[in-house]
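Subject: Structure handover

Hello,

Here is the structure for you to take over. Please open it beside this email and read the notes with the coordinates in view.

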Amino acid sequence: MSVLTRDEAQTRAELLDVTRYTVELDLTTGEDTFDSRTRIRFSARTDGDTFVEVRPAELRSVTLDGQPLDPETLDGNRLPLKNLTAGEHELRVHAHMRYSRTGEGMHRFTDPTDGETYVYTQLFMDDVQRVFAAFDQPDLKAVFELSVKAPEGWTVLANGITEHTGNGLWKAAATPLISTYLVAVAAGPWHSVRTEHRGLPFGLHCRRSLAPYLDDDADELLDVTRACFDRYHEKFDEPYPFDSYDQAFVPEFNAGAMENPGLVTFRDEFVYRSAVTDTERQTRAMVIAHEMAHMWFGDLVTLTWWDDIWLNESFAEYMGYQTLTEATRYTDTWTDFGVNRKAWGYDADQRPTTHPVAPEAVDDTASALMNFDGISYAKGASALRQLVAWLGEEDFLTGINTHFARHKFGNATLADFIDSLAGATDRDVPAWADAWLRTTGVDTLTPHIAPGDHGTCTLTVDRTGSRPHHIAVGLYDRDLGDDGGHLILRERLDLDLPRTAAHPIGKRPALLLLNDGDLSYAKVRFDPESFETVRKDLSGLPEPLTRAIVWNALRDAVRDGELAPAAYLETARAHLPLETDLAIVQGVLAFASTHIADRYVTPEERPAALATLTELCRDLIRRTEDGDNPGLRLIAVRHRIDVAAHPDTIAAWLADGTVPGGPELDPELRWRVLARLSVLGAADEAAIAAEQNRDPSAAGQEGAARCRAALPDPDAKDRAWQAMFSSDDLSNYLFTATAQGFWQPEQADLVRAYVPRYYTDAVAVADRRGPAIAVAAGRDAFPAHAVDTENHRLGEECLRDATPVPALRRKLADQLDDLARALRVRQGRKES
């Protein structure tokens, strides 16, 4: 398949004006393919040649202005259109298209619980051509009219309101001008919850087997949706630009969600079958807010080309967190952002694959796909938060509304946006954009406290990096009236960096914290006295966001080789049992287990790390025995399962169906226990089969695949490997589940021979199965447990000689950089 280049897109946009697509899909033609008929009305500004994209199973016929074209001229995914004359044209394409099992194009899924089948589209980037013929680039917006023939008993959802006209035929209302990648269809025997808000139809949809769980949460989901909708209308002058707002929770979805106008699709793990924490509910609410922000940022005004991904994702990320904080009960969302999302950005920005938030040029769609990462989301959102702090929210919103008014139902670039912002303020917005959006890497801020006159001190800040920062500096003193351990905020100072002059701070504080409030994007360090205060009194800091900043600083110090992994675990052991914020507890335990215990400590040190984490989880479980904090208890139980070095305790939980004192083991916890027992050799095929009979759902299938791949048995490993890399039968979710079970630190000797095989087989499967499987192969199937120079050498050799597809190449480059970092941490070397 040929990927579209920026130059080709610009040439085609100069030639064509596309006005309308009429698309007819027939979903009744079998399990493997569906019928697709497309009529495209467009005009050419001058005489010339171009092409349309389509990726059919069979191209049945093509006509241009009533004259047949030879289907045999299709070259990969490009159908040439030769000798166009200036003026209006009509292209008709009839094709049979393949259903997908990888979440790309038109994905087809049969629910193992009840045998019902569902299909949905995911057309992002360049996958519309898997469903119908299109001039597939974001700046050739058009009106779309869709009709869909579906089996009896199905409901069809689309970007516009749909109507069943009889005999299984559904017609969707014509859309406003939208880009090809935003067209959406979801069809099946959906369970739906419908309502209206401000005169618009709102709907929630899921598989029938998930109906009870959606019904349980429908009020909460709709409350969040309405609250965010109303808040955006307070912020934005442009009203919601589409005729309805449906949210469909669909199976085997690769992303968290997709911002299709009027029909947002979400991964259906957000319809919770098992107990979850309030932080997880907050995450779901944030995704709702994020995707709704896209109705303006991305759908109403769309990027011209993929170098401006940040105009979509960074804004939706920032607006999602900020609006959720302002409009719902989730008033502390920036703590979760600081602990989880921001760390994602910091990690991505320190790898060789880093890129600016707004790159100067993205050459083609394959390169663009690599930029949907922690930089475009978390770093971009952090940059916007810094921009608001520097610019002021009133001027920021004025600039945004100018941008919408100028470019609604059209396309825009970074230069367009900067121009809109610059008109709302006297500040030098272009200079800010150059410093923040065109540069790479993470600045590091280090405080130096010097004694001054009369017992006072002064502060200077060293900065590695070039960006200006508007930050707060928190000065904390010990509470002398307390029995120790509590810190009180003396004051927060506003500071603009770079600043060479020493800043007076009064008497020396027990803790000086740079970037308190987390309004900027930078790693922070501590002066020696403040670091000692952190180790002794971290849990005594009064605000969760402040504690999150400190935990992030400790995390960065471990990754950079400046703090021993054991010291981080000791700090967690001392302070996490006193933590009240669930996002912090979850974030710290996740880093401690998946990075420190699994990668940063040596195999000889790993048992001690697991023992420390086991004791920490026991402390949290004991602390929650009164039932006052079920979310904290659930987090502790999950991680106690994951770090179990011996099977007895968790095996007893599984046999009893409950943790003593609760919670009862729901399906998620049962599969979690069984997965760990499988790793430890305390479960077998009979136990896995029995659990799958107990839970025959799609999630049960994934749990069983994960457990079978985790068994410490040569035959089980061989079967799992063949399923991933030889058969091509696994769906995207079953591939991921199998990969997650395969590599285990406890089984390093058993799977050692598979490490060199990985690089050859991953390259081959990514080449055969496409970007979604390539990402899964690089993310989940990589032998991350093998922290040794041989694994690193094999990986570097693969990148040099094997030419993996771009999606896999990016994942391997990131994994190898993380592997090199883990080796440095083990060797006690600082990041250079």
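Below are the findings, grouped by region.

**Basis**

This is a predicted model, in which local features need pLDDT of at least 70 and side-chain atom pairs count only at pLDDT 80 or more, while totals for chains, interfaces and linings use all residues. Residues are numbered from 1 along each chain as its sequence is written, and side-chain values use heavy atoms, with hydrogens and water left out.

Helices (DSSP H or I, at least four residues) and strands (DSSP E, at least two) are runs numbered from the N terminus. Buried means under 20% relative accessible area, exposed over 50%, and partly exposed in between, with a 1.4 Å probe and protein chains only. Contact means heavy atoms within 4.5 Å.

**The second largest pocket**

The volume of the second largest pocket is about 470 Å³. Its lining holds 25 residues, and the closest to the centre are Pro603, Pro745, Ala748, His785 and Ala786. By class, the lining has 14 nonpolar, three polar and eight charged residues.

The terms are as follows. A pocket is an open set of points on a 1 Å grid over the protein atoms alone, where a 1.4 Å probe fits, with protein on both sides within 12 Å along at least five of seven lines; lining residues have an atom within 4 Å of a point. Points are joined across faces, edges and corners, and the volume is the space filled by probe spheres set on them. Nonpolar covers Ala, Val, Leu, Ile, Met, Phe, Trp, Tyr, Cys and Pro; charged covers Asp, Glu, Lys and Arg; the others, Gly among them, are polar.

**Helices α18 and α20**

Ten of the 13 residues of α18 are buried, so the rest of the structure largely encloses this helix. Among the buried ones are Arg670, Trp671 and Arg676. They pack against α15, α16 (630-642), α17 (648-656), α19 and α20. The end C-alpha atoms of α18 are 18 Å apart, which agrees with the 18 Å that its 13 residues should span at 1.5 Å a residue. That expected span is 1.5 Å times one less than the number of residues. Just after α18, Gly681 takes a positive phi of about 75 degrees.

Ser697 caps the N-terminal end of α20, with a side-chain oxygen 3.4 Å from the backbone nitrogen of Ala699.

Glu104 sits in the loop between β7 (87-98) and β8. Its relative accessible area is 6%, so Glu104 is buried. Glu104 and Ala772 are 668 residues apart in sequence, yet 7.4 Å apart in space, C-alpha to C-alpha. A polar atom of the Glu104 side chain lies 3.1 Å from the backbone nitrogen of Ala772. Beyond four places in sequence, Glu104 also touches other residues, including Gln122, Arg130 and Arg769.

**His294**

His294 belongs to helix α3 (residues 278-294). At 0% relative accessibility, His294 is buried. Its side chain makes a 3.2 Å polar contact with that of His290. Here a polar contact is a pair of N or O atoms within 3.5 Å; within protein, one must be able to donate a hydrogen and the other to accept it, and residues adjacent in sequence count only if both atoms are side-chain atoms.

**Backbone points to check**

- Leu497 to Pro498 is a cis peptide bond, with omega near 10 degrees. Pro498 lies in the loop between β25 (487-497) and β26 (503-506).
- Gly662 and Pro663 are also joined by a cis peptide bond, with omega about 5 degrees. Pro663 is in the loop between α17 and α18.
- Phe409 has a positive phi, near 60 degrees. Phe409 is partly exposed, at 28% relative accessible area.
- Thr803 has a positive phi, near 45 degrees. At 62% relative accessibility, Thr803 is exposed.

Best regards
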